[in-house]
Amino acid sequence: MAATTAVENKLTDHELNPGYTTTRDSESVLADSGELQEYVVDFLEKEIGSDLKSLKAVGDLLGKLREENNVLEKQVLTESSSVPPKVSAALSAAEESRCSLEDLLQREQLISNVLHQHLQGAQPWMDNLGQTLNQVNTIERHMKYLQCLQHIEELSAEVQQCLMTSSVWDAIKAVERMAVLDTGLNQSGCSHLQDFLRETLNFWHKIIKDRLASDFEKVLSQLHWPIISPPTQSLTPTVNSHEITSQLELLVIQLLALQTSDDLISQRALASSQGGPSTQPVSSVTPSTQAPPLCLPIQIMLLPLSRRFRYHFYGNRQTNSLSKPEWYLTQVLMWMGNSSTFMEEKIQPILDRAGVTISARVELCRGLLSLVQEKVANDASKLLYDDALFCHLVEEVLQFEKELRSNQSYPAMLPGLLHLLLEDTTLQKWLTVEKKMAVEKVDTMLSAEGAWSSQYKDISDMDELKAPDCAETFMTLLQVITERYRALPCPSAQLKFLELQRELVDDFRIRLTQVMKEESRCPLGLRYCAILNAVNYISTILGDWGDNVFFLQLQQAAVSLGEEVVLGGLGVMEVGRLASLEGSLFEGLLALLERLKGDMMGRLLDGIMREITEKAKPYHQDRWFSLPSQQDQSTMSLSSSACPMMLCVRDRLLNLQQILSLSLFQQAWQGLAERLDNFLYQDVILSNHFSDGGATQLQFDMTRNLFPLFGHYCKRPENFFKHVKEACIILCLNVGSAILLRNFLKESEEEMRDWAGGGDPPPEYALNELGVYCLAPCDVLILLNLRASWPGQ
C-alpha cells in the first residue's frame with residue numbers, strides 16, 4: 001500500500017499538474033522522467049513479479065489506481081473551489097469596516113469643531129471665573145492666617161490669665177497646644193507667622209519654666225540638693241517632710257508636662273547652632289547617634305552641679321590643669337555616687353507614678369557626662385603635641401570609662417567618653433604615641449642588665465617557660481595595650497591597634513634575631529638559650545591569643561569589614577580559613593617565630609654535637625676488632641674511651657634541662673638523641689669491624705650507659721636510638737644465627753622473590769623476628785660483614 005501511495009504521488013505530480021515539467025529546465029525533466037520510469041518498473045516487479053501468468057492482474061491494478069486518482073482530483077477541486085468564497089467574504093468585511101471608520105472620523109471632526117467653537121465662546125467666562133476664584137482663595141488664606149494669628153493671641157491670653165490666677169496646669173496645657181500648632185506650621189511658607197508663634201511660645205515657656213524651676217530649686221534646697229559630699233542621716237529633713245515631698249512630686253510632674261515644648265525649643269536651638277558657624281564641631285562632643293534630650297527636672301537639678309564644674313575646671317583656677325584631668329573626672333564620679341541614693345529614693349518613685357520610663361540616676365549621669373565630654377574634647381585638642389600629657393589623658397579617660405560602666409552601672413548602649421578618642425586626629429595620635437612609647441620601652445628593656453635572666457628563676461613552679469625578663473616584659477606591654485583598646489566601641493579602631501601589636505611583635509622578633517646572630521658563636525651560652533626561650537615564650541602566648549574570644553571576634557570583624565590593613569596580602573583561601581576560624585590573625589608571625597626557633601635549635605644541637613664528636617674521637621678509634629670476648633656482663637665496665645663522650649652528653653643534658661623551658665628541652669634531647677644515634681651508627685659502627693668481644697662491649701656501652709642517660713626523660717630511651725640498638729642486635733648474634741641470616745639475605749637479594757607470588761616470606765619478616773625494624777636488609781648485610789671473625793676465616 002505504501003508503494004501504491006508513492007506511485008500515486010508521482011502520477012499526481014504529472015497528471016494533475018500539466019505544467020509541472022514546464023517549470024523546470026530540460027535536464028531536470030529528463031532526470032525526473034528517468035526516475036519515474038525506474039520507480040514504475042520496480043513497482044511492477046514488486047507487485048506482479050516475473051511470473052507471466054500474473055500479468056492479467058495489471059488491468060485490475062490500473063483500475064484501482066485510476067479510482068484513487070479520481071478521489072484525489074475531487075478532493076483537490078473541492079478545496080480549490082471553497083477558497084474564493086472565504087476570501088470574498090473577508091474582503092467584504094474589510095470594506096465595510098473601512099466605510100464605518102471613515103464615517104466615524106467624519107463625525108469626530110464635526111464634534112471637535114463644535115467643541116472648539118464652544119470653548120472659544122466660554123473662554124471669557126472662564127477667565128472671569130478664574131479671577132474670582134483666585135480672589136476667593138486669597139481672601140480664604142488671609143482669613144486662615146488671621147484665624148491662626150487670633151488663635152495664637154487667644155492661647156497667649158489664656159496662658160497669661162492662667163498665670164495670673166496661678167493655674168499652672170492650664171498654662172502648661174495652653175503652651176503645649178501652642179507647641180503642637182508650631183509643629184503643624186513647619187511645612188507652611190508663612191515665615192513671619194512662624195517667627196511670631198515661636199517667639200510667643202519661647203516667651204511663655206520661659207516664664208513658666210522659670211517659675212517652676214524657681215519653686216523646684218527651693219524644694220531641692222530644702223532637701224539639701226545638690227549633694228556634694230557623701231550623704232548622712234542628718235541631712236534628711238525632719239520638719240514638714242511630707243509637705244516637701246508632695247511639693248516635689250507636683251513640681252516634677254508639672255515639669256514633665258512641660259517636656260514636649262521644652263524638647264521642641266531645644267531641638268530648634270540645636271539645629272540653629274549646627275547650621276551656624278561653630279568653633280568646635282558637634283561630633284567631637286557627641287557620638288554619631290544622638291541620645292534623646294534630658295528630662296526637664298533633671299536639667300534643673302544639674303544646674304548647680306554644672307555651675308560648680310565650670311567654676312572649678314574652666315578659666316584660671318588652679319584646679320583647671322591640663323596635667324590633672326583626674327581632678328574633674330574623679331569629681332564627677334563622686335557626684336554620681338553621692339547623688340545615686342537621692343535620685344533612686346526621691347525622684348525615681350515620682351517618675352514611676354507619672355508613667356515615665358526613664359531612670360533618674362542614669363539621666364543624672366548623662367547630664368554630668370555631657371559636661372565631661374565637652375571638657376575632654378577641649379583638652380584633647382590642646383594636648384596633641386604633648387605626648388606625656390596626652391597619654392595621661394587617655395589613661396584617665398579609660399579608667400573613668402571603666403568605673404562608669406562598673407561602679408555606676410551606666411548602660412552600655414549609651415555613649416561615655418571613648419567615642420571622643422575615635423576621632424581621626426585623636427586616634428592617630430594615640431596610635432603614634434603607643435608605638436613610640438612601646439619602642440622606647442623595648443629599647444630600655446633589652447639594654448637592661450637583667451634582660452636575659454628570668455625573674456622567677458628561683459621559683460621552680462613558676463618558671464616552666466623560663467622566659468627572660470625582656471620577653472615577659474614585652475608581652476606584658478602588649479597585654480596592657482590590649483586592655484587599653486579592648487573597650488573601644490569601634491571594631492575598625494580595635495583592628496588598627498591589633499595591627500600595631502603585630503608590628504611590634506615582628507620588630508621584637510627582628511631584634512631577637514640580631515642578638516642571636518651575635519651570640520651564635522657560642523650557641524651553648526646562657527644568653528643564646530635565653531633568646532631561644534624568649535622566642536618560644538612569645539610563640540606560646542600568641543598561640544593562646546589566637547584562641548582567645550576577644551581576638552576571635554576581631555578576626556571575624558576583620559573578615560566582615562574587609563580590613564586591608566589586617567588582611568592585606570592574604571589570598572582567598574587564607575581569608576576563607578580566617579572566616580571559618582581555622583586560622584588566626586597571628587599565623588604569619590607564628591610561622592616566622594617557629595622558623596627562628598627551629599634555626600636556633602639547629603645551631604644549638606650542632607654546637608653540642610661538635611663537642612660530643614670531639615670527645616668521641618678516642619671511642620671511634622678503639623680496636624673493636626681485637627677486643628676479647630666476655631661472657632659475663634656483670635663484670636663489664638664502660639669503655640674508658642667512651643667516658644669523655646658520656647660525661648659530655650650527661651653534662652649537656654643537665655645543662656639544657658636547667659636553662660631551657662620544658663617544651664624546648666623535650667625538642668632538644670630528642671633532637672640530640674636523633675643526631676647522636678646517626679653519629680654513632682655512621683662514624684663508630686660502620687667505620688669499624690667488631691669481634692665478638694667488641695660487639696658485646698659496644699652493646700654494653702650503649703644499653704647500660706648511653707641509653708640510661710636519656711632514661712631520665714622518657715620510659716624507653718632505646719626507641720630514640722633505633723639504628724644503634726638494631727646494629728647492636730645484629731653484631732651480637734651468635735655465629736650460627738648470623739651465618740643463617742647472612743645466607744638468607746644474600747639469597748633474597750639475588751633471587752628477588754615476590755612473597756605475594758607464593759615464595760618464601762620477604763627478609764623483613766626475618767629481621768622483625770630479631771627485633772630489627774628500622775634497618776633495611778642491605779644495611780643488615782653491611783653490618784654482618786663488619787663482624788671480624790667468621791668460621792673458616
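Which residues are exposed on the other side of H16? The model is predicted, so that local features need pLDDT of at least 70 and side-chain atom pairs count only at pLDDT 80 or more, while totals for chains, interfaces and linings use all residues. Residues are numbered from 1 along each chain as its sequence is written, and side-chain values use heavy atoms, with hydrogens and water left out.

Helix H16 covers residues 549–561, and its 13 residues reach 18 Å from the first C-alpha to the last, close to the 18 Å expected at 1.5 Å a residue. Its buried residues (under 20% relative accessible area, with a 1.4 Å probe and protein chains only) are Phe550, Phe551, Leu554, Gln555, Ala557 and Ala558. They lie on the same side of H16 because they cover an arc of only 165° around the axis, an arc taken from the directions from the helix axis to the C-beta atoms. On the other side of H16, the residues Val549, Gln553 and Ser560 are exposed, a word that stands for over 50% relative accessible area.

At the N-terminal end, H16 is capped by Asn548, which has a side-chain oxygen 2.8 Å from the backbone nitrogen of Phe550. After H16 comes Gly562, with a positive phi near 65°.

The cysteines are the next topic. The structure holds 0 disulfides, each being a pair of cysteine sulfur atoms within 2.5 Å. Cys190 is in no disulfide, and the nearest cysteine sulfur, which belongs to Cys148, is 7.9 Å away. Cys190 counts as partly exposed at 30% relative accessibility, whereas Cys714, with a relative accessible area of 18%, is buried.

Methods. Helix = DSSP H or I, 4+ residues; strand = E, 2+ residues; numbered from the N terminus. Expected span 1.5 Å × (residues − 1). Polar contact = N/O pair within 3.5 Å; in protein donor to acceptor, adjacent residues only side chain to side chain.
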